[in-house]
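Please look over the sequence and the model shown below before reading on. The paragraphs after them go through the fold and then the charged side chains.

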Amino acid sequence: MRVKDVDFAQNQIIVRNTKGNESRVTMLPESIAEELKIHLQSVKIIHQQDLQKGYGLVYLPFAKMRKYPRAKCD
């Protein structure tokens with residue numbers, strides 16, 4: 001699951017590539033929504049710090065790197 005699959009405004013989670021290769025939508029429980037927001041904010045800060053230190057990047061094959069130059073750090 002990726003961060004962009006969580007929709008706090010609609011209180012839902014998008015589950016991708018399920019059985020039958022269809023995406024499905026399910027509820028985001030209100031009981032964990034605020035805690036999840038806080039967690040994602042702290043992880044984002046850690047990621048930004050890692051990028052400043054030169055970490056947090058991923059290897060991409062050459063053709064992908066040319067096609068998606070920002071993909072290694074998104």
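What follows is a walk through the sheet, the helix and the salt bridges.

The model is a predicted one, in which local features need pLDDT of at least 70 and side-chain atom pairs count only at pLDDT 80 or more, while totals for chains, interfaces and linings use all residues. Residues are numbered from 1 along each chain as its sequence is written, and side-chain values use heavy atoms, with hydrogens and water left out.

Helices (H or I, at least four residues) and strands (E, at least two) are taken as DSSP runs and numbered from the N terminus, and two strands pair if DSSP finds at least two bridges between them. On these terms, three strands form an open sheet in the order β1-β2-β3, with antiparallel pairing. Its edge strands, each of which pairs on one side only, are β1 (6–7) and β3 (24–27). Between β1 and β2 (residues 12–15), which run antiparallel, there are two bridges, and Asp 7 stands opposite Gln 12 in β2.

Helix α1 covers residues 30–52, and its end C-alpha atoms lie 34 Å apart, which agrees with the 33 Å that its 23 residues should span at 1.5 Å a residue; the expected span is 1.5 Å times one less than the number of residues. After α1 comes Gly 54, whose phi is positive, near 95 degrees.

Which residue links the segment before β1 to the loop between β2 and β3? Asp 5 lies in that segment before β1 and is buried, at a relative accessible area of 4% (buried means under 20%, exposed over 50% and partly exposed in between, with a 1.4 Å probe and protein chains only). Leaving aside residues up to four places away in sequence, Asp 5 touches Gln 12, Ile 13, Ile 14 and Arg 16, a contact being heavy atoms within 4.5 Å.

Side chains of opposite charge can pair when their charged atoms come close. The structure holds three salt bridges, each defined as a side-chain nitrogen of Lys or Arg within 4 Å of a carboxyl oxygen of Asp or Glu. Arg 16 forms one with Asp 5, with the closest N and O atoms 2.6 Å apart; because Arg 16 lies in the loop between β2 and β3 and Asp 5 in the segment before β1, this pair ties together parts that are eleven residues apart in sequence. Arg 2 also forms a salt bridge with Asp 5, at 4.0 Å between the closest N and O atoms. Arg 2 is partly exposed at 45% relative accessibility, and Arg 16 is partly exposed at 36%.

The side chains of Glu 22 and Arg 24 meet in a salt bridge at 3.5 Å, N to O. Through shared partners, salt bridges join Arg 2, Asp 5 and Arg 16 into one network.
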